Amino acid sequence: ANRAKSQFLASMSHELRTPLNVIIGFSDMILSGIFGPLSPVRYQGYVEDIFKSGNHLLSLINDVLDMAKIEAGKFELNRTWVPLQYLADNALLLVRPQAHAKDITLSAAVPANTSIFVDERAARQILINLLSNSIKFTPPFGKVQLFGECLADGGLALGVEDNGMGMDEDGIATALEPFGQVQLDVTAERNGTGLGLPI
């Protein structure tokens, strides 16, 4: 049953992405004014909403597809040496708009001149998921930091620290379950799948 569920999710996610890419592509084209300005101007806001909503839906579908691949053991990793500072800067860049909307200060403190042997896309997604989750539950004007620490055994610990309200052990267990979402703060957004941390 679990394998059938994963196959269904993978198939559905793929089928949904095709028309969604068309919606995103054409709304982006309209926004850029390729064939002239939008008229009346009110349509500009509508098309922006279509574009943003389409991209948000695509990210949710990609999460479901990734989760299905992971559960089916078909999530392939392509490992290369990646500079840690580059990876951190990229992750912060992609969550900056989310942090800016809440006036949250973003920072990174990772060891300099350090490279890690990882799948770049997967590692970046992990950092983005952690940062995004942290920003979501950090109050306005708060602080979120991505940090790295070299361990005594030669390994590297990466983490995200914030001044949000945090989670207890039961909350952590729930958050790490697929589709699990911890109801800590009624003011926090509820627009995710609950797949970010499990992925």
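Is Phe141 buried or exposed? In this predicted model, Phe141 is exposed, with a relative accessible area of 65%. The residue is placed in the loop between α4 and β4, and its phi is positive, at about 70 degrees, although Phe141 is not a glycine. A positive phi, of about 50 degrees, is also found at Asn113, likewise not a glycine. Asn113 belongs to the loop that links β2 (105-109) and β3 (115-119) and counts as exposed, at 84% relative accessibility.

Helix α4, which spans residues 120-136, contains Gln125. This residue has a relative accessible area of 13% and is therefore buried, the cut-off being under 20%. Leaving aside residues up to four places away in sequence, Gln125 touches Asp63, Asp66 and Ile199.

Strands β4 (residues 143-150) and β5 (residues 156-162) are paired in the antiparallel sense over 7 bridges. Within this pairing, Gln145 has Glu161 of β5 as its bridge partner. The hairpin of β4 and β5 has 5 residues between the strands, and Gly154 in this hairpin adopts a positive phi near 95 degrees.

With 41% relative accessibility, Leu16 counts as partly exposed. Together with Phe8 and Met12, Leu16 forms a nonpolar surface patch with about 280 Å² of accessible area in total. In the loop between α1 and α2 (42-71) lies Pro40; the peptide bond from Ser39 to Pro40 is cis, with omega near -5 degrees.

Definitions and conventions. Residues numbered from 1 in each chain as written. Predicted model: local features only at pLDDT ≥ 70, side-chain atom pairs only at ≥ 80, totals over all residues. Heavy atoms only, no water. Patch = residues over 30% accessible without salt bridge, like charges linked within 9 Å, V, L, I, M, F, W, Y side chains within 5 Å. Areas by Shrake-Rupley, 256 points an atom, 1.4 Å probe, with all protein chains shown as cover. Salt bridge = Lys/Arg side-chain N within 4 Å of Asp/Glu carboxyl O. Buried < 20%, exposed > 50% of the residue type's maximum accessible area, 1.4 Å probe, protein only. Pairing = 2+ DSSP bridges. Helix = DSSP H or I, 4+ residues; strand = E, 2+ residues; numbered from the N terminus. Contact = heavy atoms within 4.5 Å.
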